[in-house]
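Reader: I am new to this structure. Could you take me through some of its features, one question at a time?

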Amino acid sequence: MLSPMQRQATRYGTLRDQLFRERFANLLRETATPLPVSERLVQCIWYDKRLAAGLQTADGSAVEVVFPGWWNLEAGPDFRHATVRIGGEELTGDVEIHLRADDWFHHAHHRDPLYRQVILHVVLWDAGRAPPGIPQLVLEHQLAAPLEQLYDEIDLDAYPHNAGNHSGQCSQILTGLPTDQVGALLDEAGDERFAAKSRRFTRWLEHTGPEQAFYEGWMEALGYKANKLAFRTLAQRLPVTQSGSGLSAATMFGVANFLPTTRADVYTKRLWSSWWKLRPDFEDKILPTGTWKLHGIRPANHPHRRLGAAVALLKRHPNLMEKVLGAIESDGDPRKLFAQIRDDYWSTHFTLGGKAQKKETDLIGQARADEIVANIVLPFAAAYAEQSGNSLLAGKVQARYTALRPAPTNSILRLAGQQLFAGAPFAKTARQQQGLIQIFQDFCLTDKSACANCQFPELVRRWTTGQI
């Protein structure tokens, strides 16, 4: 049985799913230039499709750019979910941009699994060795205008979020609607996103029980983006029954495969002196080499430090689930349980054996604690309330979710806002921000036609005319 919060989102979700079914049913019947040219300029040229007609790859295959992809501001290829036709075959995947062909190897992309979905390598100059097995598009003689003209016309600082003409077709519809209609749409899409998270916890509760489900959830959240799966796997291999009984930091770092390390200080040596004795009992649980992403991550988000935060959290709150649920029921602040932790070592260190920082920093910052409450604590509490028949808790969860303040903007929110609202700040609450992300994921990230065949404008039309 679904809770009121889980049922509330059916209008948006049902209409979205109906449109998706209709859509799939249809599918079934070094150069001489004196300019200070940068890779970012080539990215802007690609993003704007400032390309000549009759594009061809280096081996002579015809190229048509259907959709240049979503500009990626994080680790990995420059553009995600692009759609191109090469030799008549339509491909969807990632696009990587370089100045020279051999930059692929200079940047070590051939050894990085993040680049395994690249379908097209776009370079300005055909210089050096090209990556094998990946079509390459050389732009030097296939630009829509001389390079000097493009250099003068393109404002590099405006990309990707403030560059004109990159909003979707739906932005004209959405920005012309009454504010209350737009707000209602975002609210229900946000409820749909919340319901999906809650249903996920419902499945976990049935398989693992509430304490383990919650533990896996907040551990996954500490992995942030790059190491979510690794943290949850660690939580599964060292379940909450062990953690709640005082599982040591040595065991956590040992099973994570962070010990031994090439750099050692007193703290790290102490962990190792304990771990080598414990290791035989946990040999089959140790995470394999390569599980963790350690590079291209902000120091404060390094998995060593995030795991240190987990150890500190378990030490201070061995009954964390009970405290969190109690805080919600008593109108307390569950964020404090995550934000107000410290550790003599990890409050001043980013990695094992690393240099000590002069100033302490929060192990889990306030913004991250807010995200954990919005994305883990409240969806879990909704699922738990439904399973236990706790209507008081269910009502508290719904009221708290509705009242959540908006989170700081991030790359996904900016990208979604540009696509759907031409950059106008329509999302006023965390609930509406979640709705914006849900719509972006449901429609923008699944559309391969550069808006031409997107179903979202039709959903908006049905929404505003009451055709539910």
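Reader: Is Cys-170 buried or exposed?

Author: This is a predicted model, so the answer is a computed one. Buried means under 20% relative accessible area. Cys-170 has 6% relative accessibility, so Cys-170 counts as buried.

Reader: How many disulfides does a search of the whole structure find?

Author: A disulfide needs two cysteine sulfur atoms within 2.5 Å. For Cys-170, the nearest cysteine sulfur belongs to Cys-444 and is 5.9 Å away, so Cys-170 is in no disulfide. Over the whole structure, the number of disulfides found is zero.

Reader: Which cysteine has the sulfur nearest to that of Cys-44?

Author: Cys-44 has 0% relative accessibility and counts as buried. Cys-44 is in no disulfide either. Its nearest cysteine sulfur is 19 Å away and belongs to Cys-451.

Reader: Is Gln-438 buried or exposed?

Author: Gln-438 sits in helix H19, residues 430–444. Beyond its neighbours within four places in sequence, Gln-438 touches Tyr-12, Arg-16, Ala-189 and Arg-193. The cut-off for buried is under 20%. At 9% relative accessibility, Gln-438 is therefore buried.

Reader: Do strands S3 and S4 run parallel or antiparallel?

Author: S3 covers residues 79–86 and S4 covers residues 89–100. Six bridges join the two strands. One of the bridge pairs is Val-84 with Leu-91 in S4. The direction of S3 against S4 is antiparallel.

Reader: Which residue takes a positive phi in the hairpin of S3 and S4?

Author: This hairpin has two residues between the strands. A phi near 60 degrees is found there, and it belongs to Gly-87.

Reader: Is the crossing of H7 and H8 left-handed or right-handed?

Author: In this packing, the H7 residues include Phe-201, Trp-204 and Leu-205. Among those they meet in H8 are Ala-213, Glu-216 and Gly-217. The crossing of H7 and H8 is right-handed.

Reader: Are H8 and H16 roughly parallel or roughly antiparallel?

Author: H16 covers residues 366–388. The axes of H8 and H16 lie 10 Å apart, at an angle of about 160 degrees. Angles over 145 degrees count as roughly antiparallel. That makes H8 and H16 roughly antiparallel.

Reader: Which residues of H8 meet H16?

Author: The crossing of H8 and H16 is right-handed. On the H16 side, the residues in contact include Ile-372, Ile-376 and Phe-380. On the H8 side they are Pro-210, Ala-213, Phe-214, Gly-217, Trp-218, Ala-221 and Leu-222.

Reader: Which residue does a cis peptide bond join to Pro-160?

Author: Most peptide bonds are trans. Pro-160 lies in the loop between helices H5 and H6. The cis bond there has an omega of about 0 degrees, and the partner of Pro-160 is Tyr-159.

Reader: What is omega for the bond joining Leu-259 and Pro-260?

Author: Pro-260 is in the loop between H11 and H12. Leu-259 and Pro-260 are joined by a cis peptide bond, with an omega of about -10 degrees.

Reader: Where does Asn-257 lie?

Author: Most residues other than glycine have a negative phi. Asn-257 has a positive one, near 70 degrees. Its relative accessible area is 29%, so Asn-257 is partly exposed. Asn-257 lies in the loop between H11 and H12.

Reader: Is Asp-331 buried or exposed?

Author: Asp-331 also has a positive phi, of about 60 degrees, and is not a glycine. Asp-331 is placed in the loop between H14 and H15. Exposed means over 50% relative accessible area. With 54%, Asp-331 is therefore exposed.

Reader: How many Å apart in space are Arg-116 and Tyr-224?

Author: Arg-116 is in the loop between H4 and S5. Arg-116 is exposed, with a relative accessible area of 68%. In sequence, Arg-116 and Tyr-224 are 108 residues apart. In space, C-alpha to C-alpha, the distance is 22 Å.

Note on methods. Residues numbered from 1 in each chain as written. Predicted model: local features only at pLDDT ≥ 70, side-chain atom pairs only at ≥ 80, totals over all residues. Heavy atoms only, no water. Buried < 20%, exposed > 50% of the residue type's maximum accessible area, 1.4 Å probe, protein only. Pairing = 2+ DSSP bridges. Helix = DSSP H or I, 4+ residues; strand = E, 2+ residues; numbered from the N terminus. Contact = heavy atoms within 4.5 Å. Left-handed = near helix turned anticlockwise from the far one by under 90°. Axes fitted to C-alpha atoms, helices over the stretch in contact; angles between N-to-C directions. Parallel < 35°, antiparallel > 145°, perpendicular 65-115°, else oblique.
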